[in-house]
Structures are given as structure tokens and as C-alpha cells.
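Colleague: Could you take me through this model, starting with the polar contacts and then moving on to the charged pairs?

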Amino acid sequence: MRKLNAAVDRFAYSHPRFGIPNLMKFLVGVMAVVFVLDLFSNSYASYMLYFDADLILRGELWRLVTWMFLPTNGSLFWIFISLSFYYFIGASIEEYWGTAKFTLFYLASAVLMVVFGMISALWSPFPVVTSGNLNQILFLAFATLYPDALIRVYLILPVKAKWLAVLYVVLTGYDLLRNGLWAALFTLPQLLAVLLVYLVFFWDRIADLLGEFGFAVRHQNSPQTIHFKSAVKQQKKKAQQQGYRHKCEVCGRTDADFPDLQFRYCSKCAGYHCFCEDHIFNHTHFTQ
């Protein structure tokens, strides 16, 4: 897991232009369109887009992708609330990680869910592969990155994200035990997909947490990795004091002054140096 986690970080820093900027805005927009189409077609739009392993094997390959665009069931009001909420947490994760890593996270989650869904079709006629599964792993990622963020349950009760994540894990485990082995075979593949993606992308945090409880995960980071992580922590403290998070080393523009500007960190520079989208590939590399 450690090597996969490191590979993900290297890929994200080496390919800052990978991915789709504002991915959640696109996904939420398509979900809203599908919801409207369902209102005027007696849910025929969702019928043509949902995941069905049998129909996929018969040639309807678009279902490998289109299941991600299906909104959860509910009234117009709750659809608006849920889409707004998942846009918020997705945009927050993308802001924290950057477009490349967030897109890779979302893509890896979707691909693994499809793979596990096709495998579970061997014993289940209706594999559970829905956009709700993706929303769940998005929330787990958000709660890990922003554990103290307050979420208003039913728009009233404020609860920290980390406690809602703990509640989700506990209830999921309880459902598996209550429903028995046969019922678990229908949902376990998707839960394994969620767990695998979470372990890969958050292995460093999991290893630190295990270390706090005395279960140290032994591995030795390279001097470059240690220096980089130390620089990251220093940069976060500095950002809190200065009032902005990203500042281009070339032109001096910040994310506070230009919120729509994309900022990335160069993996070829020595240290932790940020550049705007105009200078990430057009600058002299720092050597010390």
C-alpha cells in the first residue's frame, strides 16, 4: 500500500495537467439533467443508464460509465440538497489535493466498482453499482481531510464530519453482520472497492494513526520524501499566517487574489515550490 500511495503522489505531482478541472461541477450538472429527464420520461433516462452486467455483456457498453450520472432518488428539494452537498465536498477535496489527484481518486473508485461489480455478477443477478457508492467514498475522503468540518444533518443538527464517517462505518459493519453471509455477498464487493481505494490514497494517514496506538508500520522514507513532507507542513503553517494557500514563485499571484487560477507544485524543483498554470511548465527549476 505504501508504494501505491507514493506512486499516486508522484503521478499527481508529475502530471499536474492530468484530469478534469471542476470535475464535480460537471458530474453534478449531468445528474441534474438526468433527474429532469426522468421527471418527463417516467424514469426512462435512468433505465437506459443504470449499471447492468448482463446488458453490458450484450453490447450496451455505455452502462460501464453512465451509472455515475444517476442521481439518488428523492424529491426535487432533497435532490438539490444532495447534489449541492456532494459538489461542496468534491470541490473541497479537489482544492486540497489538486485536480490530478482528485480525478485519479474518482476514476480509480469508479473503475474498481465496475470491476468488482462485474465479478459479483457471477453470483448476483443485480450487482450493486451506483453513484451512491461513489458519494460514500467521497464523504469518507472529505471527513479524513477535513475531520472537524461541521455538517448539518437534515439542515439542523451540526455534527463534525469525522463522527459522521465513524457512524457510517459502524452502521455498515452492523448491516453486514445482521444480514448474514449470503446478503453480504451482494454488497461486500463494492465495500471492498471503497476500502481498497481508501487504503491506497490515505495510507500515510492510516500508518500515522496506527503508530499513535502502538501499531507502527515500519518503512523508511527517502531523504527527498522526508524533506518534501517537512516542507509541506511548513507551507501549511505559512499559508495560515499569510492569508493565502498558493503563491506563484514567478509572477507572485496568489489563490486569494485570483481564485479561478490553477496552482501546482513542481516535482522537479528542490523543495516545495508553487507555480500558477502559466508558469508551471515555464520556469527555471530550483536546485536548492
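Modeller: A polar atom of the Arg63 side chain lies 2.9 Å from the backbone oxygen of Tyr50, and a polar contact here is a pair of N or O atoms within 3.5 Å, where within protein one must be able to donate a hydrogen and the other to accept it, and residues adjacent in sequence count only if both atoms are side-chain atoms. This is a predicted model, in which local features need pLDDT of at least 70 and side-chain atom pairs count only at pLDDT 80 or more, while totals for chains, interfaces and linings use all residues. Residues are numbered from 1 along each chain as its sequence is written, and side-chain values use heavy atoms, with hydrogens and water left out.

Colleague: Where is Arg63 placed, and is Arg63 buried or exposed?

Modeller: Arg63 belongs to helix H5, which covers residues 63–66; helices (H or I, at least four residues) and strands (E, at least two) are DSSP runs numbered from the N terminus. Arg63 has a relative accessible area of 1% and is therefore buried, given that buried means under 20% relative accessible area, exposed over 50% and partly exposed in between, with a 1.4 Å probe and protein chains only.

Colleague: What is Arg63 in contact with, apart from its neighbours within four places in sequence?

Modeller: With those neighbours left aside, Arg63 is in contact (heavy atoms within 4.5 Å) with Tyr47, Met48, Leu49, Tyr50, Phe51, Asp52, Leu55 and Ile56.

Colleague: And which residue forms a salt bridge with Arg63?

Modeller: That is Glu60, and the closest N and O atoms of the pair are 2.6 Å apart; a salt bridge is a side-chain nitrogen of Lys or Arg within 4 Å of a carboxyl oxygen of Asp or Glu. Glu60 counts as partly exposed because its relative accessibility is 22%, whereas Arg63 is buried at 1%.

Colleague: How many salt bridges does the rule give?

Modeller: The count comes to 6 salt bridges. One of them joins Asp148 and Lys160, with the closest N and O atoms 3.7 Å apart. Asp148 lies in the loop between helix H8 (131–145) and strand S1 (150–153) and Lys160 lies in strand S2 (residues 157–160), so this pair ties together parts that are 12 residues apart in sequence. Both count as partly exposed, Asp148 at 46% relative accessibility and Lys160 at 33%.

Colleague: What about Asp278, which residue does it form a salt bridge with?

Modeller: Asp278 pairs with Arg253, the closest N and O atoms being 2.7 Å apart. Because Asp278 lies in the segment after strand S4 (274–276) and Arg253 in the loop between helix H11 (223–242) and strand S3 (263–265), the pair ties together parts that are 25 residues apart in sequence. Asp278 is partly exposed, with a relative accessible area of 43%, and Arg253 is also partly exposed, at 22%.

Colleague: Changing topic, where does Gly117 lie, and is Gly117 buried or exposed?

Modeller: Gly117 lies in helix H7 (residues 99–120) and is buried, with a relative accessible area of 0%. The C-alpha atoms of Gly117 and Ala53 are separated by 7.6 Å, although the two are 64 residues apart along the chain.

Colleague: And Ala110, what is it in contact with beyond four places in sequence?

Modeller: Ala110, found in helix H7, is in contact with Trp67, Met68 and Leu134 once those neighbours are left aside. Ala110 counts as buried at 7% relative accessibility, and its C-alpha atom is 8.9 Å from that of Ser131, which is 21 residues apart from Ala110 in sequence.
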